[in-house]
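Here is a report on a protein model.

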Protein chains: 2
Amino acid sequence: MRLSRYFLPILRETPAEAQIVSHRYMLRAGMIKQASAGIYSWLPLGYKVLKKIETIVHEEQQRAGHIPLLMPTIQSADLWRESGRYDAYGDEMLRIKDRQGREMLYGPTNEDMITDIFRSYIRSYKDLPLTLYHIQWKFRDEMRPRFGVMRGREFLMKDGYNFDLTKEDALHAYNRHLVSYLRTYERMGLQAIPMRADSGPIGGDDTHEFLVLADTGESEVFYDSEITDLKFGDREIDYDSVEQCQAVLEEFTSRYARTDETHDEALFNQIPEERRRSARGIEVGQIFYFGTKYSEPMGATVQNAEGAQVPVHMGSHGIGVSRLLGAIIEASHDDKGIIWPEGVTPFHVGIVNLKQGDAEADAACDALHDSFVALGLDPLYDDRDERAGGKFATMDLIGLPWRITVGPRGLKNGVVELTSRRTGESEELPPEDAVKKVAAIYASL
Amino acid sequence: MRLSRYFLPILRETPAEAQIVSHRYMLRAGMIKQASAGIYSWLPLGYKVLKKIETIVHEEQQRAGHIPLLMPTIQSADLWRESGRYDAYGDEMLRIKDRQGREMLYGPTNEDMITDIFRSYIRSYKDLPLTLYHIQWKFRDEMRPRFGVMRGREFLMKDGYNFDLTKEDALHAYNRHLVSYLRTYERMGLQAIPMRADSGPIGGDDTHEFLVLADTGESEVFYDSEITDLKFGDREIDYDSVEQCQAVLEEFTSRYARTDETHDEALFNQIPEERRRSARGIEVGQIFYFGTKYSEPMGATVQNAEGAQVPVHMGSHGIGVSRLLGAIIEASHDDKGIIWPEGVTPFHVGIVNLKQGDAEADAACDALHDSFVALGLDPLYDDRDERAGGKFATMDLIGLPWRITVGPRGLKNGVVELTSRRTGESEELPPEDAVKKVAAIYASL
């Protein structure tokens with residue numbers, strides 16, 4: 001993409017309403033624009049990152065054997081009355097009357113609707129296990145929306161629902177989600193720690209939240225410092241294996257890690273003092289096992305092997321897709337701007353032409369741009385007639401992990417400059433080697 | 001995908017509420033489930049087709065140089081008051097009050113919001129031309145939702161908006177959209193004819209609707225039969241070329257083709273009688289040029305080369321993404337079920353094992369399945385322990401364009417059977433040749 005043909009409205013000034021760094025940088029980098037309180041338009045750069053995150057979530061869900069579908073945003077109030085949640089949910093639910101006077105709502109979550117889908121079709125234990133998920137816009141009418149996409153009202157979420165014959169099977173689904181979430185977050189360059197949490201309005205006994213450590217996090221968290229040494233890495237896992245998934249759960253949840261809602265001071269104090277940590281965390285996901293809480297009142301039963309009708313065991317599992325952009329920026333930035341992890345960067349590499357209009361520099365930049373496109377990579381070429389300083393500031397702000405700087409002086413020696421956004425380190429090398437090096441970095445992801 | 005692990009709830013009986021064939025087949029093939037009147041859940045098979053269509057629309061929009069972003073579903077009423085449309089839009093607009101009593105609405109279209117985005121950032125003619133688009137859920141509170149996804153209330157639409165300095169530039173954007181739409185529909189296996197239409201609540205003088213001919217279409221259309229011989233085909237086009245885009249517009253719109261709203265009997269009668277056609281059509285897209293209708297009241301101006309502030313010339317351009325599933329099925333089915341064009345089929349090929357449990361047949365099916373996956377293709381392997389008749393009926397109903405039938409008798413002779421859903425023709429060939437043949441068909445798209 002040539003910047004002259006793109007829509008990247010960079011703001012010079014820091015918007016007054018933005019209290020945290022991710023919100024500031026998303027506004028300044030032209031990623032989002034507030035449409036109304038807690039509701040945002042995703043401008044082209046923000047939309048690209050949102051799609052990258054969504055794609056990673058889809059890939060990891062499907063790798064774990066979960067089946068995508070898509071439920072609508074607008075739901076009938078009737079289903080929520082049947083599950084008993086309509087009156088309980090409170091003012092966060094956006095309630096709507098349609099032109100016929102029917103009571104509708106903008107879904108804040110989908111346990112009720114997915115249970116209705118399940119009971120409409122599934123009759124036999126032979127059709128289990130089954131996990132269905134979707135990535136869809138939700139609405140929660142927060143009293144005080146703030147922090148940009150971190151606590152918005154209209155937000156994008158992956159919510160998945162498992163249906164199993166027994167509690168044991170459902171706990172395997174729970175563990176399988178935990179494993180797939182670890183992989184998901186690591187692909188985005190995040191360390192998200194599973195912590196024992198409170199189940200809130202979803203219900204259920206077993207639940208873990210995934211928290212990214214950041215000073216601006218809304219939750220206070222307490223944990224054993226050994227946890228931050230754990231990495232899922234590129235280990236192979238068989239998601240059908242009860243033992244393998246259970247082992248990962250144990251590895252990642254056996255040490256103390258809790259949010260303030262479930263914090264137990266006495267237990268915490270049993271950790272050796274030098275390993276006790278308290279910090280702030282951003283919640284980026286949560287998994288629940290809630291048994292038959294929805295299947296019983298809504299009649300979601302199957303026939304078991306003995307011919308009896310039994311309610312299915314369920315859980316639900318969420319990833320805050322749109323809020324992840326904020327979480328990633330909170331965890332990865334400096335005073336010049338965002339530093340995107342390679343897995344989610346909107347463009348793979350930036351190309352800065354130091355002397356737009358110089359025939360040789362223009363030709364070299366065009367060639368670099370076209371080489372990357374031919375390799376299936378997505379470069380952003382700043383071809384504007386601007387000063388170098390302004391071009392560097394834009395690249396730093398929008399946070400592309402790699403930048404290639406092209407100027408007449410370097411080209412005389414046959415080189416361009418390749419710079420890492422994270423380390424700031426640069427090296428000079430021939431253009432074709434710069435392309436190879438960048439391509440190799442992305443091929444290794 | 002192995003069918004035993006998928007969620008494909010086939011209905012044996014034809015649902016009573018479905019009046020047209022696409023609605024019947026989408027329900028029977030387990031593609032959609034009604035959530036409430038005019039609002040559907042997209043079950044896994046339906047969701048897959050929806051994503052394929054969405055992907056084609058994205059690719060063709062970006063090929064034409066249009067930039068994707070994403071505006072929210074919930075809008076503030078204030079913007080609509082500014083453009084003068086809030087009171088005019090009528091009961092089809094779903095109006096909402098949030099917990100603070102603010103007037104909101106579920107966007108039925110986005111001219112107002114995109115104009116607000118534009119005016120917030122763009123100051124100079126140098127930033128033009130610009131076309132921004134998104135694919136987002138819309139809501140129109142139809143009095144009588146019907147025909148499944150063809151006339152739903154919550155529906156997915158691509159809507160794009162061009163911003164240009166002059167009327168001439170905006171008409172080039174109009175033509176560019178027409179060209180890209182022709183490509184888009186052809187990739188989905190559809191012939192969609194641009195017809196002079198009425199602009200309705202969007203406003204403006206120049207507008208064409210794209211109609212797919214089908215007996216169940218909601219519009220009566222009148223056209224010169226020569227039009228149906230036109231094909232865009234695989235011609236190369238430079239979307240920046242005013243001349244090339246204009247030539248395509250002239251080629252595809254110079255013959256008589258109008259909906260009943262703009263039909264002119266006298267003009268129609270000038271066509272030689274043997275070429276006069278009247279038929280039914282399904283609207284699958286519409287393009288508009290409406291000049292300064294929104295930019296003037298909303299103050300979307302730029303500085304021109306002479307330093308004067310001038311309102312930009314705009315148009316908007318829509319493709320009914322979710323309704324396209326219905327249109328494709330209306331145009332491509334038989335009495336056994338859907339016949340998907342290769343460009344949008346949910347799975348590339350079906351594999352039917354005639355004797356599940358037979359070691360040789362199971363191994364051959366597994367090998368076929370894995371060969372397709374290794375080639376990046378997406379097979380659906382019916383590995384259920386069912387009678388062959390039931391498996392064939394399912395494959396015919398869900399409409400995969402190619403089916404490979406594997407049985408012990410054929411395997412003794414080293415062959416499987418490859419069957420075209422469209423023609424019903426079969427041929428016997430070695431499994432590896434069947435894979436090659438199917439792969440070649442998709443590689444040629």
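## Aromatic pairs

Over all chains, the count comes to 25 aromatic pairs. Rings of Phe, Tyr and Trp (its six-membered ring) pair if their centres lie within 6.5 Å; planes under 30 degrees apart are stacked, over 60 edge-to-face, and the rest tilted. B:Tyr6 and B:Phe347 make an edge-to-face pair, 5.4 Å centre to centre with 80° between the planes. This pair joins distant parts of the chain, 341 residues apart. B:Tyr6 sits in the segment before helix 1 (21-28) of chain B. B:Phe347 lies in the loop between strand 18 (337-338) and strand 19 (349-353) of chain B. Helices (H or I, at least four residues) and strands (E, at least two) are DSSP runs, numbered from the N terminus.

The model is predicted: local features need pLDDT of at least 70, side-chain atom pairs count only at pLDDT 80 or more, and totals for chains, interfaces and linings use all residues. Residues are numbered from 1 along each chain as its sequence is written, chains are lettered from A and ligands numbered from 1 in the order in which they are written, and side-chain values use heavy atoms, without hydrogens and water.

## Salt bridges

The count over all chains is 59 salt bridges. Each is a side-chain nitrogen of Lys or Arg within 4 Å of a carboxyl oxygen of Asp or Glu. A:Arg153 pairs with A:Asp141 at 2.7 Å, N to O. Both residues lie in the loop between strand 7 (130-139) and strand 8 (154-164) of chain A, twelve residues apart.

A:Arg153 also forms a salt bridge with B:Asp98, with the closest N and O atoms 2.9 Å apart. Six salt bridges are found across the interface of chain A and chain B.

## The interface

In chain A, 59 residues are in contact (heavy atoms within 4.5 Å) with 59 residues of chain B. The buried area is about 4800 Å², and carbon and sulfur atoms give 62% of it. Buried area is the accessible area (1.4 Å probe) that two parts lose on being put together, summed over both. A:Phe7, A:Arg99 and A:Tyr121 supply 15% of what chain A buries against chain B, more than any other three residues.

## Symmetry

A rotation of 180° with 0.0 Å of shift along its axis superposes chain A on chain B, with RMSD 0.0 Å. In chain A, the C-alpha nearest the axis belongs to A:Ile96, 3.0 Å from it. The same surface serves both copies: 100% of the contact residues of chain A recur in chain B.

Methods
Least-squares fit on C-alpha atoms with pLDDT ≥ 70 in both.
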